[in-house]
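Me: I should like to learn how to read the features of a structural model, one at a time. Please give the general idea first and then the case at hand.

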Amino acid sequence: MAAAGAESSVGEAGGGGFAGPLPPGAVEAVAADWVLEFACYCLCRHVGDGCAAEFRRWGDVAQALINGLSRIPPHQKKVVYLCQLLIRIAKGQELECHFENDPRISPLESALSFWTLLEKEEVKLEKLHEDIHRLIQIQIVAVYMENGYFKEAAEVLERLFTDSETDKPLRVKLATVVKSKDPYVPLLQSFSYNLLINKIKSYVELFMKENETNFLIQAATKQIESKGFGAMALQNQTLNVNENDERNSGTKLRSVEGQQGIADQSPGGIKRLTVRPCSGRKQRVRSALHSLNNLQNVEKRGGSLACCRRRQLWTYKEDLALKSGIKKFGVGNWAKILAHGDFNNRTSVMLKDRWRTLCRILQD
């Protein structure tokens, strides 16, 4: 990738090929290249995995770096186009979100323009590229229809398809679907948004394999390996806590449980929690296992250790997303609702429990 070449350039400059101090602008440009590539790597890793917060975080980083470019360097075109594509695909079902100056252009229509640019950067177009292109076209129309915007769906057909004979069969099929005003026809159900996400995942997996030489990833890997970080190292470090940590372990446990109690009770009704002390060895083993479990769960849920210990209140926006999902998919289809809704580190079980709570509130 660009980082390898950039690393070489910096090495040559630092080796005496450049008399005097290095230009700060040049150094910053090389560093920005590395960070942009790393942000793209993180976006690829989190696309469609349910970690919406992590995806947004790296999307914001990538967008800020891209906005700072006066022009796109040739070696960074693919990275920039892919970042822009993934950011738009993630917002593909939100018609109120706009990336272009023209308010008629939906997120998926904007994504299609970047996918077309990506296709031009490919040496050879595979069947996967054609599948993704067709899926984006179909879903542009499908999202309008699912939201009841049939006029807009008909208008977008005019923008999407030219007079090319290769596009004609799909254009005719979609025109028939739009006239039917039925968003649940087999064509739209077969070429669904979930299928599009899965195809995009397949593409980014290939992209990540081709670009395994990311400089920051390599540097971070060497740093971790040199310090011997890993599951066994973490376990040994936790098991070998000093006596002071052992004496304070009960206090820490009470503090964590106390936070949970505070979240559930009014300030005037807080009850004092009593914790049965454990033996030093048992407490150390429990602490080690707890740390290891948290470390594994962070990757799955996209949250930090602190978030896992704290009860997270539901927001009004999340409640709306839950109600919208139930209206669309029905009660009980929690996994589908979770996949299509904008929730902050929630699980299917959390959605089910929240719905029960909302039902009780409405009954009262």
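This is a predicted model: local features need pLDDT of at least 70, side-chain atom pairs count only at pLDDT 80 or more; totals for chains, interfaces and linings use all residues.

Me: How many residues has helix 10, and what does helix 10 reach from its first C-alpha to its last?

Reply: Helices are DSSP runs of H or I with at least four residues, and strands are runs of E with at least two, numbered from the N terminus. The expected span of a helix is 1.5 Å times one less than its number of residues. Helix 10 covers residues 193–210, 18 residues in total, and reaches 26 Å, close to the 26 Å expected.

Me: Which residues of helix 10 are buried?

Reply: Buried means under 20% relative accessible area, exposed means over 50%, and partly exposed lies in between (1.4 Å probe, protein chains only). The buried residues of helix 10 are Tyr193, Leu196, Ile197, Ile200, Tyr203, Val204, Phe207 and Met208. They cover an arc of only 140 degrees around the axis, so they lie on the same side of helix 10; the arc is that of the directions from the helix axis to the C-beta atoms.

Me: Against which helices do the buried residues of helix 10 pack?

Reply: Contact means heavy atoms within 4.5 Å. The buried residues of helix 10 pack against helix 2 (24–46), helix 4 (77–90), helix 5 (107–121) and helix 6 (127–146).

Me: How many residues of helix 6 are buried?

Reply: Helix 6 is mostly covered, with 15 of its 20 residues buried. Its end C-alpha atoms are 28 Å apart, in agreement with the 28 Å that 20 residues should span. Glycine 148, which follows helix 6, has a positive phi, near 80 degrees.

Me: How many residues has the largest nonpolar core, and which have the most contacts inside it?

Reply: A nonpolar core is a set of buried Ala, Val, Leu, Ile, Met, Phe, Trp, Tyr and Cys residues joined through side-chain atoms within 4.5 Å. The largest has 58 residues, and Leu82 and Leu85 have the most contacts inside it. Helix 6 supplies the largest share of this core, eleven residues. Apart from this core lies another, of ten residues, including Leu322, Ile337, Phe343 and Leu351. Leaving aside neighbours within four places in sequence, leucine 82 is in contact with Cys40, Cys44, Leu118, Tyr203, Val204 and Phe207.

Me: How many salt bridges does a search of the whole structure find?

Reply: A salt bridge is a side-chain nitrogen of Lys or Arg within 4 Å of a carboxyl oxygen of Asp or Glu. The search finds 14. One of the pairs is glutamate 54 with arginine 57, at 3.3 Å from N to O. Both residues lie in helix 3 (residues 52–67), three residues apart, about one turn of the helix. Glutamate 54 is buried at 18% relative accessible area, whereas arginine 57 is partly exposed at 47%.

Me: Where do glutamate 122 and lysine 78 lie?

Reply: Glutamate 122 and lysine 78 form a salt bridge, their closest N and O atoms being 3.4 Å apart. This pair links distant parts of the chain, 44 residues apart: glutamate 122 is in the loop between helix 5 and helix 6, and lysine 78 is in helix 4. Glutamate 122 counts as buried, at 16% relative accessibility.

Me: Is glutamine 84 buried or exposed, and which side chain does glutamine 84 join in a polar contact?

Reply: A polar contact is a pair of N or O atoms within 3.5 Å; within protein, one must be able to donate a hydrogen and the other to accept it, and residues adjacent in sequence count only if both atoms are side-chain atoms. Glutamine 84, in helix 4, is buried, with a relative accessible area of 7%. Its side chain makes a polar contact of 3.0 Å with that of arginine 88.

Methods. Residues are numbered from 1 along each chain as its sequence is written. Side-chain values use heavy atoms; hydrogens and water are left out.
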